[in-house]
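User: I would like a close look at one part of this model: the salt bridges and the elements they join. Please take me through them pair by pair.

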Amino acid sequence: MAEKNPATVVVGGDIESAESSKRGNGLHRAMSTRQVSMLAIAGTIGTGLFLGSGKALVKGGPVGALLGYSVVGALVGIMMISLGEMSCFTPDTSNFVGFATRWVDPSLGFALGWMYYIFSSLLVPVEIVAAGIVLQYWDPNTKHLAIFVTVMLAAYVIISFCGSQYFGEVEFWFGLIKVVTLIGLVLLGIVVDLGGSPNHQGRIGFRYWKEAPLNDSYLNIKPASAARFIGIWATFTQAAFSYGGIESLAVMAGEAKGGKKTMARAFKQVFIRIGAIYISCIWIIGMCIKRTDEHLLSALAQGSGTAAQSPFVIICRTAGIKVLPSIINAVVFTSALSSGNEGFFIASRTLYALAEQGHAPRFFLKTTKRGVPYYGSLATLLVGLLAFLNVSSGSTQAFNWLSNLTTLSNMICWVSCLYTYTRFYKACMFHNIDRRTFILRGYCQPYLSWAAFVFFLIIITFNGFASFVGGFNYQDFLAAYITIPTFVLLFFGWKFGKKTKMVQVADIDMSSGF
């Protein structure tokens, strides 16, 4: 049995080694506490909540949707606290890519890093296209889409090359718009539910909860009890999509002023985002709209991607409020732009982290005087050019197949981070590190991490069940599962190619950082 090495002990991870400091010289700690806090609360809130929440209501009913978002929200909270504990222990530029490489297996770090780069870089063209669709609400001329794509890519590049401080400032104001809007919409929903709408439609209360709390006919499954269960299960995947990108907060640890204190505060604020924003929005939507609302079903069937399918717009129209739909459409538009901007930033930093760990060419470590990894930004720009595929109708299907690669990337990242945390926890126990001295630590560990790990694995495994209902649909099947073989190929390709081995707990270095 390997002996415990007292030289590797760090109390709370407070000592940053010279090697760690040297590694972090390329990127600058320029993001303020204010900026990081807003990113933690608003972050990648976008079309998943503004538009996708209606799908959850239709699939699971008002109670099923609330249950789905609450359960997945709790699991995401567990994952984020686990990730936050590791990030605050070592607030370095390598983020979860470095954690997986040094605490689990280099192959996991390689697969996780490149999988996350694929996700975050593809988020750029996907969100630009989403914003372009919303833009057609005001400008239906599709010939202008190419101009819009060009302008947005140029804007992302300019913001990126200005440095993390300016990126943080742009995202702060984008985030503030989203938060203020959502708070206003929730308050509006409460007024409408209590009977204060302009058209005097009367008090709604819990009427829709009593009439049809769950979906008794989801996908025409019999009996009704099975339909209810499958409907609720479908909301889990929908909720996971809405929470997607929340883990990107860890990528910013290496560029935040205040290091551990700033990041600890930011990770704790994630629960504000989950509880006060996501759960309250789903709750009020289920109170004001019935699952079978014809306007909601029609908008989802058309799949316009505009504010027309937003439950909040439907609430406004039903209540006779005419001006708000355009305002909501504008907020959805800025949310899509914000998500694409954050994807651009995160992708370039992910390449930087991969290069640090030896999983990508070393030239991705080169930075400008402002601390911008310019090769990573240029590589992400090339991926962003895929947005032009959607300008041509003949290339739309190719773009859709590429965007399917992002479907499960978040949950695969969450599962990898949770498993990495269990290894981190074992290493702390082995090296006699007292976690009570940490600036941020999770409770009931590692049991909660294992529970979330298993639950996310189950969601990943059965997320494509709908492709088997009513006959096998291979397109839906591939869209649901194509991310899994991609991750497996990356993992085993690096493992066999480099002959990597799992890092033994006794060999995990808890003192030198990265």
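Analyst: D216 and R228 pair through their side chains in a salt bridge, at 2.6 Å from N to O. This is a predicted model. D216 sits in the loop between α9 (207-211) and α10 (224-243), while R228 belongs to helix α10, so the bridge ties together parts twelve residues apart in sequence. How exposed is D216? Its relative accessibility is 38%, so D216 counts as partly exposed. R228 is partly exposed too, because its relative accessible area is 31%.

Another of them joins R34 to E169, with the closest N and O atoms 2.8 Å apart. R34 lies in helix α2 (residues 33-41) and E169 in helix α8, so this pair ties together parts 135 residues apart in sequence. R34 has a relative accessible area of 40%, which means partly exposed. For E169 the value is 24%, so E169 is partly exposed.

Now the bridge between R435 and E85. Their side chains meet at 2.8 Å, N to O. The pair links distant parts of the chain, 350 residues apart. R435 is in the loop between α17 (409-430) and α18 (447-462), and E85 is in helix α4. That helix covers residues 53-89. Is E85 buried or exposed? E85 is buried, because its relative accessibility is 0%. R435 comes out at 9%, so R435 counts as buried as well; the cut-off is under 20%.

What does E85 touch, leaving out residues up to four places away in sequence? The list is Y421, F424, R435, F438, L440, R441 and G442.

Helix α8 runs over residues 164-193. It has 30 residues and reaches 42 Å from its first C-alpha to its last, close to the 44 Å expected at 1.5 Å a residue. Just after α8, G195 takes a positive phi of about 95°.

I190 also lies in α8. With I183, L187 and L194, I190 makes a nonpolar surface patch of about 360 Å². I190 counts as partly exposed, because its relative accessibility is 30%. Why can residues spaced along a helix point the same way? An α-helix has 3.6 residues a turn, so residues three or four places apart do so.

Terms used: Residues numbered from 1 in each chain as written. Predicted model: local features only at pLDDT ≥ 70, side-chain atom pairs only at ≥ 80, totals over all residues. Heavy atoms only, no water. Helix = DSSP H or I, 4+ residues; strand = E, 2+ residues; numbered from the N terminus. Contact = heavy atoms within 4.5 Å. Patch = residues over 30% accessible without salt bridge, like charges linked within 9 Å, V, L, I, M, F, W, Y side chains within 5 Å. Areas by Shrake-Rupley, 256 points an atom, 1.4 Å probe, with all protein chains shown as cover. Salt bridge = Lys/Arg side-chain N within 4 Å of Asp/Glu carboxyl O. Buried < 20%, exposed > 50% of the residue type's maximum accessible area, 1.4 Å probe, protein only. Expected span 1.5 Å × (residues − 1).
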